[in-house]
Amino acid sequence: MSSESPPSIPPYLETLNPEQREAVLHWGRPLLILAGAGSGKTRVITTKIAYLIREKGLDPRSILAVTFTNKAAREMADRARLIDDRAGAAVMRTFHSFGAWFLRRYGSRAGINPGFVIYDDDDMVSLLSTLMEDAPRAEIKETARCISRAKDYLLSPGDPGLDRIDYRKSFRRIYRRYEERLAQIGNVDFGDLIGKPAELLRTDGELAERIRRRFKAILVDEYQDSNIAQFELLKELWGGGAYLCVVGDDDQSIYRFRGAEVRNILEFPSRFDGADIIRLERNYRSVAPILAAASSVVDHNRGRLGKTLRAERGTGKLPVLAFLPDQDEEAAFCADLIENSVTSEKNRALYSDWAILYRTNAQSLGFETELLRRRIPYRVVGSLKFYEREEVKDALALLSFLVNPRDEVAFRRVVNKPARGVGAVTADRIVLEAGSPPEPRPETDRDLFDEAPASSGPGPGDLAAAARRLLPGLSPKAASGLRDFLGAVEQGRTFLGMEETAKGGGKRKLPKTGGELRAGEGLSVCLVHLVDAAGIAAYHLARDDIAGNQRIGNLQELANAASMYPSSEEGLLEFLEHIELDRTMEEDTGDGDSVTLITLHNTKGLEFRRVIMTGNEQGLFPREEKRDDDLEEERRLFYVGATRAMDELYLTSCAMRRVFGSVKAAEPSLFLREADPAAFRVVGNAPPGFASSRYGGKGTGPHRSRRSGAPPQAPPAVSSDGRWRLGNRVFHDDYGYGAVVEIRESDDGPVVRVHFETGREVHFLSPVQGAKFLKVEDDG
DNA sequence: TAGTTTTAAGTTTTT
DNA sequence: CTTAAAACTA
């Protein structure tokens with residue numbers, strides 16, 4: 001369905017290229033936009049939202065735009081509003097946040113408590129540990145992972161397809177009990193945020209019809225990262241009537257490990273019969289050599305839709321491939337590059353032009369240390385452990401217990417913190433006493449655009465009520481401790497207007513506490529009081545006065561964040577939901593000119609003028625023994641990382657790497673060998689197979705390139721067993737690459753002296769090579 | 001039951 | 001090496 005070209009093109013469409021414009025104007029059948037890296041897809045989506053409102057006359061509230069990260073959702077909303085202010089009323093959310101929104105409004109139809117709290121992975125593990133009492137931690141974590149995966153594939157405990165996830169008989173039993181417990185508690189996990197809405201729409205025809213009346217256009221960004229459950233949810237929302245437009249790039253699918261199905265995008269045309277496809281293949285971000293290097297690697301993947309990116313920016317600097325001795329040199333190499341660039345006379349760079357990319361969060365530490373030492377400003381994106389800190393989780397557990405007194409996980413976490421004489425045995429009794437699940441609440445019908453969630457209330461299963469009933473039977477110490485805890489909780493609930501007061505309801509002033517934390521506006525008053533009254537702040541201060549003060553600081557930061565929310569039950573729910581779904585802290589200041597440290601996964605959707613991809617070593621990237629589909633995913637990750645770079649790209653590979661304290665030798669990444677050799681300029685001590693532009697260096701033996709065409713050296717000596725000759729390249733698991741520099745005969749056989757690239761020399765007895773010691777290259 | 005010491009495990013990647 | 005979990009003692 002192409003548009004009847006209007007006589008005059010609105011100005012906001014003028015700057016689009018023909019394919020982009022076609023994608024924006026498209027209407028009718030489902031549309032798949034295959035958007036290569038840097039092809040301006042966000043621009044297309046945001047423009048399309050504005051177009052639907054302006055030219056198609058859609059009510060903004062009938063447009064649903066889904067992304068995978070909160071940052072992307074925010075950016076989409078900001079940019080769409082810039083084109084047309086009305087776009088702000090469209091529903092622009094992540095899949096999970098949409099699911100939460102949906103469940104709070106309509107979940108009661110399926111007996112879901114609208115005041116649910118979202119359980120993260122840690123909470124899952126906590127709940128599971130009450131179900132798998134004597135199991136080791138690792139097994140519980142593995143079970144939690146399997147349950148998450150099962151939910152990604154929309155598999156219930158009774159589903160025969162569950163064997164694909166976990167074949168253990170016990171798994172089904174535990175999964176079923178986990179679901180029962182979660183339902184009793186009245187909370188949901190991440191998977192439920194997708195699965196429950198999908199299920200609800202599938203079984204509740206009236207609701208489905210109503211939702212389909214509302215959402216006339218559905219747009220999905222980063223579609224290649226969607227999983228089966230998300231596909232089903234999308235299908236239900238679409239219902240055959242809405243306009244559906246998905247945007248993605250199969251080459252950038254990097255979330256298989258959490259259930260993403262590349263097939264969703266590969267098979268989109270067949271799943272949505274008669275879908276149109278538009279390709280955006282003009283790359284406006286990277287210079288041609290960067291694109292060529294990235295493509296030459298991802299070209300090794302099978303099963304792609306295939307596209308050819310054209311570099312609109314034209315030629316530029318060749319990517320640099322640097323071989324370095326170890327990770328300290330790697331950090332120094334990065335710091336040197338950055339320092340030189342910001343002081344250079346011509347073509348001066350800003351710190352913020354630079355990004356250092358790595359595979360695992362653990363790698364950031366070395367870079368942080370070096371940058372700190374050199375006083376280079378940096379910021380670490382993601383890996384925010386703030387919400388994983390003990391004191392922060394304690395405070396959040398208290399708040400969660402306020403909204404949901406059935407929350408066993410939260411209750412167990414804080415009921416005996418600080419020690420109140422209420423141990424595991426007493427906690428078990430209270431949970432048992434609370435017993436039966438509550439009645440499902442009747443659904444209240446509301447207007448199509450009404451977005452207020454139904455309010456929750458206490459009911460059976462209330463742990464606070466159960467604890468109160470058991471008070472008389474407890475030891476004086478336990479009873480008094482429990483009373484303190486219940487008192488703090490009740491004060492909090494009363495303050496938020498959730499508890500009927502004796503004198504006719506309404507909010508009540510909190511008694512003053514001489515606590516360590518300062519209360520600010522709104523919800524922070526409640527949080528601060530609760531943390532003080534429950535003794536959390538004092539507990540952490542008492543344990544350690546150095547770390548304790550740091551912890552008080554963290555609690556203060558949490559309180560500051562809470563002050564943005566209204567002091568009410570709704571405000572509290574909003575606050576908790578925001579924290580569960582978006583753990584990226586607000587950027588402190590946007591004005592800071594600093595280097596970005598970031599994992600490869602986190603870079604998606606971002607761009608930087610200059611990018612350093614570090615740790616290109618076998619075992620680290622690609623990780624371990626990745627094979628087949630998993631290896632292809634790592635390759636796509638390489639592609640994603642490389643295509644973040646606009647002007648300059650650097651790749652580093654170390655000969656040695658410290659892991660768990662001890663050093664291990666490393667081989668260059670497979671991806672470096674797969675890349676077109678002409679795509680890089682190689683610097684440093686290149687291992688065999690890589691043409692180095694610099695020769696010699698540290699006199700580490702012969703250092704010829706395969707492509708140099710130099711005549712082979714005459715072999716001056718060969719070991720008596722014929723295994724070794726001088727100049728042989730060798731590789732040792734612990735020492736890395738080296739060369740045989742001496743051969744002599746001993747009573748036990750030939751002994752070789754090997755000089756390694758790290759400068760170390762080691763003697764080996766020829767027969768006892770073991771698997772750790774291999775000959776890499778035959779001379780001559 | 002609470003707090004301490006000893007031992008072992010861990011590094012993917014994230015909503 | 002660092003951190004979390006099991007084991008142990010008061």
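Predicted model: local features only at pLDDT ≥ 70, side-chain atom pairs only at ≥ 80, totals over all residues.
Trainee: What makes the contact between E577 and R104 a salt bridge?

Mentor: The side chains of E577 and R104 come to 2.9 Å, N to O. The cut-off is 4 Å between a side-chain nitrogen of Lys or Arg and a carboxyl oxygen of Asp or Glu, so the pair counts as a salt bridge. E577 lies in helix α25 and R104 in helix α5, so the pair ties together parts that are 473 residues apart in sequence.

Trainee: Are E577 and R104 buried or exposed?

Mentor: Both E577 and R104 are buried. E577 is also one of ten buried residues among the 13 of α25.

Trainee: How do you know that the span of α25 agrees with its number of residues?

Mentor: At 1.5 Å a residue, the 13 residues of α25 should span 18 Å. The end C-alpha atoms of α25 are 18 Å apart, which agrees.

Trainee: Why is α25 called mostly covered?

Mentor: Ten of the 13 residues of α25 are buried. Among them are G571, L572, L573, F575 and L576.

Trainee: Why is the contact of K235 with E232 called a salt bridge?

Mentor: The closest N and O atoms of K235 and E232 are 3.5 Å apart. The limit is 4 Å, so this pair also qualifies. K235 and E232 both lie in helix α11, three residues apart, about one turn of the helix.

Trainee: Why do K235 and E232 count as partly exposed?

Mentor: Buried means under 20% relative accessible area and exposed over 50%, with partly exposed in between. K235 has 33% and E232 has 22%, so both fall in the partly exposed range.

Trainee: What makes R285 and E607 a salt bridge?

Mentor: The side chains of R285 and E607 meet at 2.8 Å, N to O, and the limit is 4 Å. This pair links distant parts of the chain, 322 residues apart: R285 is in the loop between β9 and α14, and E607 is in the loop between β14 and β15.

Trainee: Why is R285 called buried, whereas E607 is called partly exposed?

Mentor: R285 has 10% relative accessibility, and under 20% means buried. E607 has a relative accessible area of 42%, which lies between 20% and 50% and therefore counts as partly exposed.

Trainee: How many salt bridges does the structure hold, and which residues are linked in a network?

Mentor: The structure holds 58 salt bridges. E390, E391, D394, R413, K417 and R551 are linked in a network of them.

Trainee: What makes the pair of F231 and F272 edge-to-face?

Mentor: The rings of F231 and F272 are 6.0 Å apart, centre to centre, with 70° between the planes. Rings pair within 6.5 Å, and planes over 60 degrees apart count as edge-to-face, so both conditions hold. F231 lies in helix α11 and F272 in the loop between α13 and β8, so the pair ties together parts that are 41 residues apart in sequence. Both F231 and F272 are buried.

Trainee: Why is the pair of F411 and F485 also called edge-to-face?

Mentor: The ring centres of F411 and F485 are 6.1 Å apart and their planes stand at 65°, so the pair is edge-to-face. The pair links distant parts of the chain, with F411 in helix α18 and F485 in helix α21, 74 residues apart.

Trainee: How do you know that F411 and F485 are buried?

Mentor: F411 has a relative accessible area of 0%, and F485 likewise has 0%. Buried means under 20%, so both qualify.

Trainee: How many aromatic pairs are there, and which residues form one aromatic cluster?

Mentor: The structure holds 23 aromatic pairs. F98, W101, F102, Y106 and F215 form one cluster.

Trainee: What makes the approach of N361 to DNA strand B a polar contact?

Mentor: A polar backbone atom of N361 is 2.6 Å from a phosphate oxygen of DNA strand B. The limit for N or O atoms is 3.5 Å, so this is a polar contact.

Trainee: Which residues surround DNA strand C?

Mentor: P136, R137, F660 and G661 surround DNA strand C.

Methods
Residues numbered from 1 in each chain as written. Chains lettered and ligands numbered in written order. Heavy atoms only, no water. Near = heavy atom within 4 Å. Polar contact = N/O pair within 3.5 Å; in protein donor to acceptor, adjacent residues only side chain to side chain. Helix = DSSP H or I, 4+ residues; strand = E, 2+ residues; numbered from the N terminus. Buried < 20%, exposed > 50% of the residue type's maximum accessible area, 1.4 Å probe, protein only. Expected span 1.5 Å × (residues − 1). Phe/Tyr/Trp six-rings, centres within 6.5 Å; stacked < 30°, edge-to-face > 60°.
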